[in-house]
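Here is a briefing on one protein chain. Look over the fold and then work through the points by topic.

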Amino acid sequence: MNNTTYFIITLLFGWCGAHKFIQKKYGMGLLYLFTFGLFTFGWAIDCIRALLPLLRRKTGAPASGAQHDTIVEQLCISLDPEFVSFVLPMIKAGLSWQRIEQACRSSFPDSECEDLPLRIRYVESYYSNSTEIASLKECEASKYRIISMPDGELCDICKKFKGRTFPVSSARIGYNCPPFHLGCRCTTIIEE
């Protein structure tokens, strides 16, 4: 559902909790229904919250990336919490993976990680593709295509996804959006 439709539903039917039911927040939906949108205060606040993305898009102001950064960090945490929490800020700062590798090796001299460059590139790819998908959603793109490296080193997983298109709304990293595995060299482009 796009931002405009969500705002209209919130504005017209928010007093009875329709927007909460759409978000699958059934308890809040019932509370809004029986309290006339939390005595209209909750409804008014939700209308303003639903309107803000529309105003940002029309004025060209960038949408807040703080929530997206938190989502990316939470998704990456499942990989290796200590490693990701150390590497991700450096990736966000734009450091090269060689400098990040050097920092990892100097900060953790006792760890023997043979695939450290692959792990750094994986987190970097994970973060950049998450950012790309969020941008595609913001500009209301409908589809993206997976692009793979055209060489003989393409693995079976990447061959399976090479050239396929998927709806942006259903993008899930590791399932239908790269990186699919450690060392994955696939990326995405917008599909018109």
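Where is the place of Lys24? Lys24 sits in the loop between α2 (18-22) and α3. The model is predicted, so local features need pLDDT of at least 70, side-chain atom pairs count only at pLDDT 80 or more, and totals for chains, interfaces and linings use all residues. Residues are numbered from 1 along each chain as its sequence is written, and side-chain values use heavy atoms, with hydrogens and water left out.

**Overall make-up**

- The protein chain holds 10 helices and three strands. Helices (H or I, at least four residues) and strands (E, at least two) are DSSP runs, numbered from the N terminus.
- Along the sequence, the order is α-α-α-α-α-α-α-α-α-β-α-β-β.
- Of the 192 residues of the protein chain, 34% count as buried. Buried means under 20% relative accessible area, exposed over 50%, and partly exposed in between (1.4 Å probe, protein chains only).
- Take the contacts in the protein chain between residues at least 6 apart in sequence: 55% join residues at least 24 apart. Contact means heavy atoms within 4.5 Å.

**Helix α7 against α9**

- Helix α7 (residues 81-92) packs on helix α9 (residues 116-138) at an angle of about 60°. Their axes are 10 Å apart. Axes are lines fitted to C-alpha atoms, for helices over the stretch in contact, and angles run from 0 to 180 degrees between N-to-C directions.
- The crossing of α7 and α9 is right-handed. A crossing is right-handed if the near helix is turned clockwise from the far one by less than a right angle, and left-handed if anticlockwise.
- From α7, the contact uses Phe83, Val84, Val87, Leu88, Ile91 and Lys92. From α9, it uses Leu116, Arg119, Ile120, Val123, Glu124 and Tyr127.
- By class, the contact of α7 with α9 has nine nonpolar, no polar and three charged residues. Ala, Val, Leu, Ile, Met, Phe, Trp, Tyr, Cys and Pro count as nonpolar, Asp, Glu, Lys and Arg as charged, and the others, Gly among them, as polar.
- An α-helix has 3.6 residues a turn, so residues three or four places apart point the same way.

**Helix α7 against α8**

- The axes of α7 and helix α8 (residues 97-107) come within 10 Å. They cross at roughly 145°.
- α7 passes α8 in a right-handed crossing.
- α7 brings Phe83, Phe86, Val87, Met90 and Ile91 to this contact. α8 brings Ile100, Ala103, Cys104 and Ser107.
- The contact of α7 with α8 divides into eight nonpolar, one polar and no charged residues.

**Along α9**

- The 23 residues of α9 should span 33 Å at 1.5 Å a residue, and its end C-alpha atoms are 33 Å apart, which agrees. The expected span is 1.5 Å times one less than the number of residues.
- Thr131 lies in helix α9. Thr131 counts as partly exposed because its relative accessibility is 28%.
- The side chain of Thr131 reaches the backbone oxygen of Tyr127 at 2.9 Å. A polar contact is a pair of N or O atoms within 3.5 Å; within protein, one must be able to donate a hydrogen and the other to accept it, and residues adjacent in sequence count only if both atoms are side-chain atoms.
- Glu140 follows α9 and has a positive phi, near 60°.

**Phe7 and its partners**

- Phe7 is found in helix α1 (residues 3-13). Phe7 is buried because its relative accessible area is 17%.
- Not counting residues up to four places away in sequence, Phe7 touches Cys47, Ala50, Leu51 and Leu54.
- Phe7 and Leu54 are 47 residues apart along the chain, yet their C-alpha atoms are separated by 8.5 Å.

- Lys24 is not a glycine but has a positive phi of about 65°. At 61% relative accessibility, Lys24 counts as exposed.
- Thr35 is in the loop between α3 (26-34) and α4 (36-39). Thr35 counts as buried because its relative accessibility is 15%.
- A polar atom of the Thr35 side chain lies 3.0 Å from the backbone nitrogen of Leu38.
- Phe36 belongs to helix α4. Phe36 has a positive phi near 55°, and it is a residue other than glycine. With a relative accessible area of 42%, Phe36 is partly exposed.

**A cis peptide bond**

- Pro178 and Pro179 are joined by a cis peptide bond, with omega about 5°.
- Pro179 is in the loop between β2 (165-167) and β3 (187-191).
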